[in-house]
Amino acid sequence: MALFSDEQLALGIQHGRADDLTLLVERHHGPLLGFLYRMTGGDRALAEDLVQETFLRLLSKIDSYRYPRPLKPWLYAIAVNIARDHYKQAEFRHTDSMPTQFEISVAGTPETELVTNEETQQVATAMNNLPLLQREVILLRYFHELSLDEISQILQVPVGTIKSRLSVGLQRLKERLTAER
Amino acid sequence: MNDEKLLAKLSEDTDSPEEAAELLPVIHKLQEWKAPPPLLLETTRLTEVLGRLLKARRNSTVSYRLYLGWLVLCSQLRVVQYEIWAASFIVMGLGTLVTLGYSMSHAVDVTLPFVLIAPVAAAAGIAFLYGPSVDPALEIELTTPVSPRQVLVARLVLVFGFDLIFGLMGSAVLSLLRTDISFWPLVSAWLAPMTFLSSLAFLMTTLTLDPGLSLLACLGLWILENLTRLVPGVRLPFSVPDLTAATTRPWLWLLAVLLSCAALWFGGSEEHWLRKQA
């Protein structure tokens, strides 16, 4: 159990406390990087840039935060919007939004690494072929332990829509992973 | 997360325990995709950047904002081409001398040469505030935290302020040397047309990105407006409102505000578009 909740840290940041900001960044840097890394199809450098932008936007809007509103959904809502903006701009520039080669992070012996790398590559490719709206709900739900209500708050859509996106997305994922085997 | 919890989650999402059981291996595979953790150096750098911003926000008092505004003005002082300052200075100085000579041989009225010269001198400076040739350091500018509109406002304030000061100085010299010229009537005769013509030049430049074309358009309009005064006996086939008349001044002020807002809106949007392209 953390000594201070995210919401208490946000309150501290509103009062200009740098220690609270450091704690919040240390707590969420890793999970946000993971989320954006998977959202960007494994582009680590881009994910790191988007994480920085997420925190900058959080800081610029911190005065509009009202305690005790849950902070985590708000933080992820910012991250989702930043990722979406990135893809909109990529579309605007007519550039490829996804890297062709994924830099997959695995750990283990060289043999297991080889097998795991191949399997992970399959998962990454299958995920990247999903529409953005389905990809983001699957990531938020199964990697970041968010409830349906929290995801509904983040994406500003009804729970029913979230469930429908999850169901369709997971079925597509299943089909792709089975087909590639 | 154990399988029991995962199954419960999948059942909640799909409303079907059978479907949930089918999808469980998919989630297992999905969770094999590990993301790299952030490096300690990255977290430290991020907290440093955010810490500096937090500190700046803490100090975000009126004086701090004024100081930031002053810094933007100083930065633009170096960007604005020095020829603009020199040209404004020379034209205003010559205008003062010509008006002095004219007032010695002619009856004094509101359409003194200075009233005709000051607006054109200011419009010429403003026309060269913006555009690709004036912005060689666009990429550097785009990386600064100051918005393009703030940069444009700073340049407008600088150049217009410079011309205003020289206009006031010229008027003061004329009213001191000539007892038949009063300071305030003279200032009010050129100030409204100068503001209007400057804002028109500003808008034209942001629209066309061509300072020369903008200057020519403003000069043309001003010559047309004053043709009957400059060349006695000339008659225009259409009527032109007298922009130096006291009755048109409120309209000129209103138009100047509208044109400047449009120029700032368009200039900022265009910069935004360029930022996206960069």
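User: What are the ground rules for numbering and for what is counted?

Analyst: Residues are numbered from 1 along each chain as its sequence is written, and chains are lettered from A and ligands numbered from 1 in the order in which they are written. The model is predicted, with local features needing pLDDT of at least 70, side-chain atom pairs counting only at pLDDT 80 or more, and totals for chains, interfaces and linings using all residues; side-chain values use heavy atoms, leaving out hydrogens and water.

User: Why is Leu75(A) called buried?

Analyst: Buried means under 20% relative accessible area, exposed over 50%, and partly exposed in between, with a 1.4 Å probe and protein chains only. Leu75(A) has 0% relative accessibility, so it counts as buried.

User: Where is Leu75(A), and what does it touch?

Analyst: Leu75(A) sits in helix H4 (residues 71-92) of chain A; helices (H or I, at least four residues) and strands (E, at least two) are DSSP runs, numbered from the N terminus. Not counting residues up to four places away in sequence, Leu75(A) touches His28(A), Leu32(A), Thr54(A), Phe55(A) and Leu58(A), where contact means heavy atoms within 4.5 Å.

User: How do you know whether Ser260(B) is buried or exposed?

Analyst: Its relative accessibility is 18%, and therefore Ser260(B) counts as buried. Ser260(B) belongs to helix H11 (residues 249-277) of chain B and touches Ser199(B) and Phe202(B), residues up to four places away in sequence not being counted.

User: What makes H6(B) roughly parallel to H9(B)?

Analyst: Helix H6 (residues 113-127) and helix H9 (residues 183-208), both of chain B, pack at an angle of about 25°, their axes 8 Å apart. Because of that angle, H6(B) is roughly parallel to H9(B): angles under 35 degrees count as roughly parallel, over 145 as roughly antiparallel, 65 to 115 as roughly perpendicular and the rest as oblique.

User: Which residues make that contact, and how do they divide by type?

Analyst: Among them are Phe114(B) and Ile126(B) of H6(B), and Trp190(B) and Phe202(B) of H9(B). The residues of the contact of H6(B) with H9(B) divide into 17 nonpolar, two polar and no charged. Ala, Val, Leu, Ile, Met, Phe, Trp, Tyr, Cys and Pro count as nonpolar, Asp, Glu, Lys and Arg as charged, and the others, Gly among them, as polar.

User: What is the secondary structure of chain A?

Analyst: Chain A has eight helices and zero strands. Of its 181 residues, 48% count as buried.

Note on methods. Axes fitted to C-alpha atoms, helices over the stretch in contact; angles between N-to-C directions.
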